[in-house]
Amino acid sequence: MGRKLLLEHINVPGINTLEVYRQKGGYRAVEKALKTLTPDEVVEEVKKSGLRGRGGAGFPTGMKWSFLAKPEGVARYLVCNADESEPGTFKDRYLMTYIPHALIEGMIVASFALGAKTSYIYVRGEMMPQIRILEKAIAEAKAAGFLGKNILGTGYDLELYVQLGGGAYICGEETALLESLEGKRGNPRIKPPFPAIAGLYGCPTVVNNVESIAAVVPIINDGGDEYAKVGIGRSTGTKLISASGNLVKPGVYEIELGLPVEEFIYSDEYCGGIANGKRLKATVAGGSSVPILPANLTLKYANGEPRLMSYESLSEGGFATGTMMGSGGFIAFDEDQCIVRNTWNFARFYHHESCGQCSPCREGTGWLEKILHRIEYGHGKMSDIELLWDVQRKIEGNTICPLGDAAAWPVASAIRHFRDEFEWHVKEPVKSLSSNYGIANYAVPIEKKVEEVKQDNI
Amino acid sequence: MADLMKVTIDGITVEVALGTTILNAARQIGGDIVPPAMCYYSKLEGSGGKCRTCIVKVSKGSEKDPRPMPKLVASCRTTVMDGMEVQNITSPEVLEARSGVVEMLLINHPLDCPVCDQAGECDLQNLGYENGLQRTRYEFERRTFERIDIGDKIQLHMNRCILCYRCVFVADQITNKRVHGILNRGDHSEISTYIQAAVDNDFSGNVIDVCPVGALTDKTFRFKNRVWFTKPVDAHRDCNHEKCNGKVTLWYKGADVLRVTARKDQFGEVEEFICNECRFEKKATADWTIENPTQISDTSVISSNHYETFRPLPVIKENLALQEANKVELEKTSKF
């Protein structure tokens with residue numbers, strides 16, 4: 001049984017209320033931080049814990065906090081990014097729905113560490129129930145004296161606001177989120193300056209994911225060193241994984257980082273294997289924007305070593321044979337799923353969600369979608385595969401924000417690992433409409449120490 | 001000196017003031033190494049960074065931190081550091097990425113240059129000639145919009161727009177009130193007004209000048225003539241508007257002034273914004289004091305019909321002093 005830090009009491013009835021949350025040891029971190037620690041000590045604890053951002057990029061949270069500019073007389077802000085809209089990721093929604101006080105407690109401690117007097121939780125527009133839950137929880141916390149003026153008699157003031165977004169994927173990008181929070185069109189800003197220097201209303205701002213902020217609570221309760229003992233290497237602590245797709249038990253799981261991928265998929269404690277007795281064909285390990293991997297590379301590195309659920313291990317092998325931790329949206333595809341269709345579906349999403357500010361992403365995402373649509377519906381040509389590769393390469397890295405990369409990577413990896421399937425769609429346009437390519441050799445286990453089973457260095 | 005930053009672009013070193021962008025440093029050097037800019041406009045604060053045509057490679061970050069930057073950067077929004085080394089046209093990677101951006105800009109562009117008023121002075125046309133492919137790889141239907149009249153003097157062809165946001169910045173910074181902006185998202189984005197309200201402002205005509213393509217066109221000049229058949233002349237008048245100093249370029253065809261625009265510098269940016277009265281209402285030679293013919297770069301298609309190659313008089317061939325005095329013109333003739 002893996003250690004649970006965030007979801008330990010998730011099954012306690014009424015844990016969403018302040019009363020039960022307090023009985024289970026809630027708001028200890030607030031008392032400890034505000035009464036016994038200085039803000040710098042809190043930052044130091046988070047640094048020691050090695051906590052890495054849970055929103056996708058995996059940047060160390062403590063480091064991010066220490067970069068915050070602290071000019072005299074200028075307000076500082078903490079903004080929680082709850083605009084969770086990555087296809088395949090639903091961990092933040094789960095956390096906010098069932099244990100909202102964990103987020104609020106984390107927000108209070110983090111705001112105290114950063115010296116923010118006003119903090120915002122930017123929630124995606126579609127999550128109306130979660131907004132009500134959070135507002136109710138904030139009202140409870142305020143009534144109990146954890147928010148507002150002079151918290152717990154320590155002289156620290158904090159106002160916490162929930163702001164509802166418009167439901168755009170791009171508003172999960174931190175600068176677009178700040179623009180949207182200011183009431184403007186949610187276009188990403190051109191960096192530099194980074195939000196740590198000039199963020200919300202031009203003031204220094206830290207933007208953190210919901211899970212990163214909630215993870216501050218166990219760090220303060222048990223100490224950063226204790227937190228760093230959980231996990232493996234530089235991937236410390238626990239991570240919420242939202243597992244979906246053709247699994248026996250899809251859902252949100254809290255894992256200790258370093259769990260083998262094979263155990264995560266097949267053990268009964270977690271996903272319980274592939275549904276309906278089928279075989280695993282491919283996985284997307286961290287939300288739709290990370291590279292897709294065939295089953296054999298998901299479970300093992302190219303050299304046959306088992307792959308683990310951690311930031312380093314998932315990205316082992318670079319983009320040629322690896323993927324990324326991303327935001328923890330684990331999608332499994334069984335043998336009957338069509339990778340071309342899935343890639344088209346992702347491209348369609350990015351086309352729809354591109355903000356239209358910079359040209360490669362605005363025009364390129366639509367182009368990718370149209371080519372993939374053509375291949376999927378049996379009108380493709382062999383040259384389309386090269387064209388797709390070329391178009392994605394011209395989007396990647398040339399855009400203002402990472403959405404361009406996010407649109408390009410799934411297409412690139414699908415072609416890299418599943419080129420046979422794309423070619424089959426082109427060669428068998430009629431058959432591909434009614435049947436699937438099947439599992440082919442994508443699940444052939446990789447023998448240990450065998451060099452590179454598949455490598456298309458294109 | 002502490003305030004001067006030394007930056008090397010394509011092997012040419014220049015010293016620039018603190019806070020200068022790579023693009024402006026390149027413009028100080030001039031010539032072929034200046035990255036093309038479709039959305040950046042030096043007179044408009046906050047512009048740039050969107051079209052991505054000006055991307056360059058920073059091969060050395062600075063003297064203190066010599067690591068190269070991991071990605072290509074937008075030169076219009078990246079400030080120079082002391083000792084920075086930048087590659088523009090010497091880097092195949094930059095040229096390839098730029099041709100990719102040009103291709104992206106053109107896939108949904110109607111390419112209706114034969115009937116577009118901007119042809120001949122269009123930034124996108126120039127960019128396409130320099131960096132584009134000979135043929136398109138885009139085999140799908142292009143995105144189309146209806147033409148709309150925004151105000152009585154300006155027509156918007158959204159099909160041609162590349163969403164550079166320049167006209168939005170003009171309305172924000174030059175006029176009192178902005179009534180147009182970007183609607184919708186992604187490749188459905190369009191410039192439009194709030195429920196087709198009219199753009200009506202003393203300085204609204206400047207959006208035509210800043211538009212790099214033919215998306216915003218002057219209704220008083222539409223389909224009157226091709227720009228390369230007209231003859232530009234610098235002129236001025238005493239304008240009553242407090243923000244306008246009346247310095248313009250008149251575009252003649254025969255004895256008629258077909259249109260009036262603001263004066264543009266060598267990078268195609270206007271020198272000073274002009275008011276709508278000068279632009280749309282004063283179209284007689286009698287309204288203006290003529291200064292001199294406008295200097296047009298000899299690489300521009302506009303110069304092709306007017307400024308003939310210099311034919312040296314026989315007397316110059318024998319007189320060294322006259323040859324020295326006409327050196328620039330003689331060099332041009334030798335080019336042809």
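Me: Which helices and which strand of chain A do the buried residues of helix 3 of chain A pack against?

Reply: Please keep in mind that this is a predicted model. The buried residues of helix 3 of chain A pack against helix 2 (28–36), helix 4 (61–66), helix 6 (100–114), helix 9 (210–222) and helix 10 (224–229), and also against strand 7 (235–236), of chain A.

Me: Which residues of helix 3 of chain A are buried, and why do they line one face of the helix?

Reply: An α-helix has 3.6 residues a turn, so residues three or four places apart point the same way. In helix 3 (residues 39–49) of chain A, the buried residues are A:V42, A:V43, A:E45, A:V46 and A:S49. Seen down the axis of this helix, they fall within an arc of 155°, so they line one face of it.

Me: What follows helix 3 of chain A?

Reply: Helix 3 of chain A is followed by A:G50, and the phi of A:G50 is positive, near 70°.

Me: How is chain A divided into domains?

Reply: The domains of chain A are domain 1 (18–229), domain 2 (239–334) and domain 3 (339–434). Between domain 2 and domain 3 of chain A, the contact takes ten residues from each domain, and on the domain 2 side the largest share, three residues, comes from strand 12 (residues 292–294) of chain A.

Me: How many residues does the contact take from chain B and from chain A?

Reply: The contact takes 25 residues from chain B and 22 residues from chain A. By class, the side of chain B that touches chain A has 13 nonpolar, five polar and seven charged residues.

Definitions and conventions. Residues numbered from 1 in each chain as written. Chains lettered and ligands numbered in written order. Predicted model: local features only at pLDDT ≥ 70, side-chain atom pairs only at ≥ 80, totals over all residues. Contact = placed C-beta atoms within 7 Å. Nonpolar A, V, L, I, M, F, W, Y, C, P; charged D, E, K, R; others polar. Domains from an automatic or database assignment. Helix = DSSP H or I, 4+ residues; strand = E, 2+ residues; numbered from the N terminus. Buried ≥ 20, exposed ≤ 12 C-beta atoms within 10 Å, placed from the backbone. Arc of directions from axis to C-beta.
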